[in-house]
Amino acid sequence: MGSSDILGTKRHQRGGKFTEGLLDSELILRTLNVRPGQGIIDVGCGNGYMSKLFSKMVTPSGVVWALDSDKYFIRILREETMGTNIVAIVGDISKPTQLNESCADLIYVSTVIHALSRERMPGFLQEVKRLLKPDALLAIVEIEKKETPFGPPLKSRYSPEELKEIVSLISVNTVQVGECFYMQTFQNRERGQTRSDT
Ligand SMILES: C[S@@+](CC[C@H](N)C(=O)[O-])C[C@H]1O[C@@H](n2cnc3c(N)ncnc32)[C@H](O)[C@@H]1O
């Protein structure tokens, strides 16, 4: 299913572009301290390659919700992962989803945010905050906001600094996770809120 273009980006028959092979997934798993028993949402999962890696790490009692607005990707992933701890569901993260409140220890959003206009960001943040457990992590992977050999127009990209302004959670760190990619993590606590407030 799909082929690779000259940049090594996996291109799906339907035109989807995935980061498989472009990111240091081991570094990502280590940085996010993914461990057994966790509940993880892979937002905009695409072909689900990260969902499958998360799935192995959270086994036996954890669960991975692979969410994508594209019904086609979800149908394929559902067929591939039947009987595993991956639950593939159709949903738009900038609107309320069918997932339960405070279900997630980690929400992972790889190369999805640039497709959300500034106007849709409040809806995204509202849903992410509803889904995250207190102190849980939000990880946003994006292509750097500079000239790169591939990627969306610069005006639709977010820099880590812009994300830190928009996302009203505690910024944890920014890590280089690929030649042209960074991962910005946040903890689910409002800025100015201390542990004793929770
Ligand atoms: C560039 S692909 C990245 C796929 C995968 N995360 C990766 O890193 O390879 C972006 C994916 O996000 C999905 N997507 C875009 N907007 C979305 C939204 N509002 N809610 C959920 N998924 C969305 C697209 O259908 C697509 O599968």
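This is a predicted model: local features need pLDDT of at least 70, side-chain atom pairs count only at pLDDT 80 or more; totals for chains, interfaces and linings use all residues.

Guide: Residues are numbered from 1 along each chain as its sequence is written.

Visitor: Which residues of helix H4 are buried?
Guide: Helices (H or I, at least four residues) and strands (E, at least two) are DSSP runs, numbered from the N terminus. A residue is buried if 20 or more other C-beta atoms, placed from the backbone, lie within 10 Å of its own. In H4, residues 121–131, that holds for Phe 124, Glu 127, Val 128 and Leu 131.

Visitor: Why do they lie on the same side of H4?
Guide: The arc is taken from the directions from the helix axis to the C-beta atoms. They are on the same side of H4 because they cover an arc of only 100 degrees around the axis.

Visitor: Which residue in E10 is the bridge partner of Leu 138?
Guide: Two strands pair if DSSP finds at least two bridges between them. Seven bridges join E8 to strand E10 (residues 181–190), and these run antiparallel. In E10, the partner of Leu 138 is Phe 186.

Visitor: How many residues of E8 are buried?
Guide: Strand E8 covers 132–143 and is among the strands that the buried residues of H4 pack against (contact: C-beta atoms, placed from the backbone, within 7 Å). E8 is largely enclosed by the rest of the structure, because its buried residues number nine of the 12.

Key
Two residues are in contact if their C-beta atoms, placed from the backbone, lie within 7 Å.
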